[in-house]
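Open your viewer and have the selection tool ready. We will go from stop to stop, and at each one you pick something and look around.

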Amino acid sequence: MASLSCFNTPISGTSQVPLKLGDQSPNPHVTSRNLSFWRLGSRFCQPGFVESYLRRSNVLKNSNQVEASINCTQISDVPLLSCSEAIERLRTIRESYKSKQQYLAMYSSIFGGITTDPAAMVIPMDDHMVHRGHGVFDTAAIMDGYLYELDQHLDRFLRSAIMAKIKPPFDRETIRRILIQTVSASKCRKGSLRYWLSAGPGDFQLSPAGCHQSALYAIVIQDQSPSDHKGIKVVTTLIPIKPPQFAIMKSVNYLPNALTKMEAEENGGYAAIWLDNDGFIAEGPNMNVAFVTKEKELLMPRFDKILSGCTASRVLVLAESLVSEGKLQGIRVGDVTLEEGKRADEMMLIGSGVLVRSVLQWDEQIIGDGKEGPVSEALLNLVMEDMKSGPSTVRVPVPY
Ligand SMILES: Cc1ncc(COP(=O)(O)O)c(C=O)c1O
């Protein structure tokens, strides 16, 4: 989904202009001082932290200067477009994207309806969510024409809205009905639904006082990439964890999360794991973590300083069957030390996106025997079965 803005250049009119990062900030210690507003935890305030983070993240390589190519807009020949020309360009540029994701339907309370035309799937530039990050969001998977854990996600969505001081434009039942209708209009039977509540459009002020009405947006995405359940590597992130007040709400402020994902990818990993300010294991950028200890206990960090995962909460229930079968000795939610995590028999990532994914390596440490573990595999099967044939409390049918 794109913000509604006019194109100020012909689609083909871009050029590669090299930018020297060093030109902007020749001294990394200056960068470090400029970033002090981050309110970094003590370890992040140590001299050289930002430099070492940037080096690890490949932002700075062996010297303080690195050449990065960026797309820079040419400032000559900027066309003035009519509304229909702008929309036509949106359509052309969308069609030129090579993406495995297709956007099948979008609802917007701004236009008060559903569209299936991707070119119209835009939100106003002056929406407080766009220019101030004043919005919350959530998701739900669509499986065989059912929405998985819609009500659990919807509860968290509305809790997040309260924390972000956004009064939804509709009551819960209406929002739920709109979301189901959007999926129905999309005809999508397997994919995902994403939805946002924002303070709404109005002006470009910091205060939302000028926002006329909060807004609800939803989009149905069909993803054609094959699912991959192979074990992966994770790294410990150097990006500061969000303070609990912000970590427990699913706001649109995912810059730290996106940076940790990039950090992981730059270091050959799939995700980067946060530790909390007491050094306990917290979560990944869009997933929770869990472990199987040497004593065959399923161990998960408590949710009081991280996002309360709908999938992780469901896994805690489904795992009880593994206790009955003797595959697990027990289930525990509590503080998990780094040492405990790294010497676990199994480690897994849990979330709506990954479902349950085995972690085979964390930083330099091989987890267990370095292979996908039996409990992680059993939990993945239980979640997939639950998505296909679980009780009505977790499966909401979509009338097509
Ligand atoms: C920060 C964070 N933690 C955990 C999760 C996992 O939550 P869920 O299982 O509800 O997708 C997510 C995903 O939304 C997330 O963004």
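Start by selecting glutamine 102, which stands opposite glutamine 222 in strand 10. Strands here are DSSP runs of E with at least two residues, numbered from the N terminus, and helices are runs of H or I with at least four. This is a predicted model, where local features need pLDDT of at least 70, side-chain atom pairs count only at pLDDT 80 or more, and totals for chains, interfaces and linings use all residues. Residues are numbered from 1 along each chain as its sequence is written.

Now show strand 4 (residues 101–108) and strand 10 (residues 215–223): they run antiparallel and are joined by seven bridges. Two strands count as paired if DSSP finds at least two bridges between them. Widen the view to an open sheet of seven strands, in the order 5-4-10-9-7-8-19 with antiparallel pairing. Strand 5 (113–115) and strand 19 (395–397) are its edges, each pairing on one side only.

Next, select valine 234. Leaving aside neighbours within four places in sequence, its contacts (C-beta atoms, placed from the backbone, within 7 Å) include Ala264, Tyr270, Val359 and Trp362.

Which residues surround the ligand? Select Glu283, Asn286, Met287, Asn288, Leu307, Gly309, Cys310, Thr311, Ala312, Gly351 and Ser352; each has its C-beta atom, placed from the backbone, within 6 Å of the ligand. Helix 11 gives the largest share of this shell, three residues.

Notes
Contact = placed C-beta atoms within 7 Å.
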